[in-house]
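Subject: Structure for you to look at

Hello,

Here is the structure I said I would pass on. Please open it alongside this message; my notes on it follow below.

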Amino acid sequence: MTGKEFDIFFRKMYLPLGMFALRIVDDAQSAEDIVEDAFTKAWQQIEDGKVFEDFKAYMYRSVRNGCISFIRGRKETVGVEFIPEADEDTVDTSERDARLWKAIDSLPEKCREVFLLSKRDGLSNEEIALRMGISVKTVKNQMTKAFSRLRDTLSPTHKPFFLPFL
């Protein structure tokens, strides 16, 4: 694998691998650290001449193992059997979540803030309006705008359209 190929893979898989790790360790910074460490170790192996048959599968396995090490380091008694394997469904879910969060991040700032307060934080339109100092009608308009943009962004690769918030 060349440096350019590695860079392309890194850009494509960083966020999905992060979503996968986040579901396991339930801590965004730790998940990011685990993914970065997995990529660093993989690059070191590539520089040492290792050839990977299925680099994507290797990275998911590496991230999973990093998550297991992280959990064991916290002295938690979670059994390895409860940590998901990096099977096709898990990979698909991680990639879907990554596309969703990338689409949410691309929303205009005010629209994104209203959307996240509603869907992530569970606030009502009235609570959002009060918190942001805007009218309920503006909240509704921003939600409509958010759903429309997300639907347009995700619909070619994500049917039927729904938002899986944790």
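The bend at a residue is taken here as the angle between two axes, one fitted to the seven residues ending there and one fitted to the seven starting there. Helices (H or I, at least four residues) and strands (E, at least two) are DSSP runs, numbered from the N terminus. This is a predicted model, in which local features need pLDDT of at least 70 and side-chain atom pairs count only at pLDDT 80 or more, while totals for chains, interfaces and linings use all residues. Residues are numbered from 1 along each chain as its sequence is written, and side-chain values use heavy atoms, with hydrogens and water left out.

Overall

The protein has 7 helices and 0 strands, so by the DSSP definition of these elements the order from the N terminus reads α-α-α-α-α-α-α. Of its 166 residues, 37% count as buried, where buried means under 20% relative accessible area, exposed over 50%, and partly exposed in between (1.4 Å probe, protein chains only). Contact means heavy atoms within 4.5 Å. Among contacts with a separation of 6 or more, 62% are between residues 24 or more positions apart.

Helix 1 bends by about 45° at Met13, and a proline, Pro16, follows within four residues. Both Met13 and Pro16 are buried, and the buried residues of helix 1 also include Phe6, Phe9, Leu17, Phe20 and Val25. Phe10, also in helix 1, counts as partly exposed at 30% relative accessibility.

The axes of helix 1 and helix 2 come within 8 Å and cross at roughly 145°. Such axes are lines fitted to C-alpha atoms, for helices over the stretch in contact, and angles run from 0 to 180 degrees between N-to-C directions. The crossing of these two helices is right-handed; a crossing is left-handed if the near helix is turned anticlockwise from the far one by less than a right angle, and right-handed if clockwise. On the helix 1 side the contact includes Phe6, Phe10, Leu17 and Val25, and on the helix 2 side it includes Ile34, Glu36, Phe39 and Trp43. By type, the residues of this contact divide into 17 nonpolar, 3 polar and 2 charged. Here Ala, Val, Leu, Ile, Met, Phe, Trp, Tyr, Cys and Pro count as nonpolar, Asp, Glu, Lys and Arg as charged, and the others, Gly among them, as polar.

Asp26 lies in the loop between helix 1 and helix 2. Asp26 has a positive phi of about 60° although it is not a glycine. Most residues other than glycine have a negative phi. Asp26 is exposed, at a relative accessible area of 67%.

The cores

A nonpolar core is a set of buried Ala, Val, Leu, Ile, Met, Phe, Trp, Tyr and Cys residues joined through side-chain atoms within 4.5 Å. The largest one has 24 residues, and those with the most contacts inside it are Leu17, Val25, Phe39, Phe55, Met59, Val63 and Cys67. Helix 1 (3–25), helix 2 (28–47) and helix 3 (55–73) each supply at least two residues of this core, and the largest share, 8 residues, comes from helix 1. Leaving aside neighbours within four places in sequence, Val63 is in contact with Leu17, Phe20, Ala21, Ile34, Val35 and Ala38.

A second, separate core of 18 residues includes Leu107, Phe115, Leu117 and Ile128. Leu117 is found in helix 5 and is buried, with a relative accessible area of 5%. Beyond four places in sequence, Leu117 is in contact with Gly122, Leu123, Ile128, Arg131 and Met132. Ser118 is in helix 5 (residues 109–119) as well and counts as buried at 13% relative accessibility. With residues up to four places away left out, Ser118 touches Leu123, Ile128 and Met143.

Around Thr153

Leu100, in helix 4, is buried at 4% relative accessibility. Leu100 and Thr153 are 53 residues apart in sequence and 8.8 Å apart in space, C-alpha to C-alpha. Ser106 lies in the loop between helix 4 (88–105) and helix 5 and is exposed, with a relative accessible area of 52%. From Ser106 to Thr153 the C-alpha distance is 9.6 Å, at 47 residues apart in sequence.

Regards
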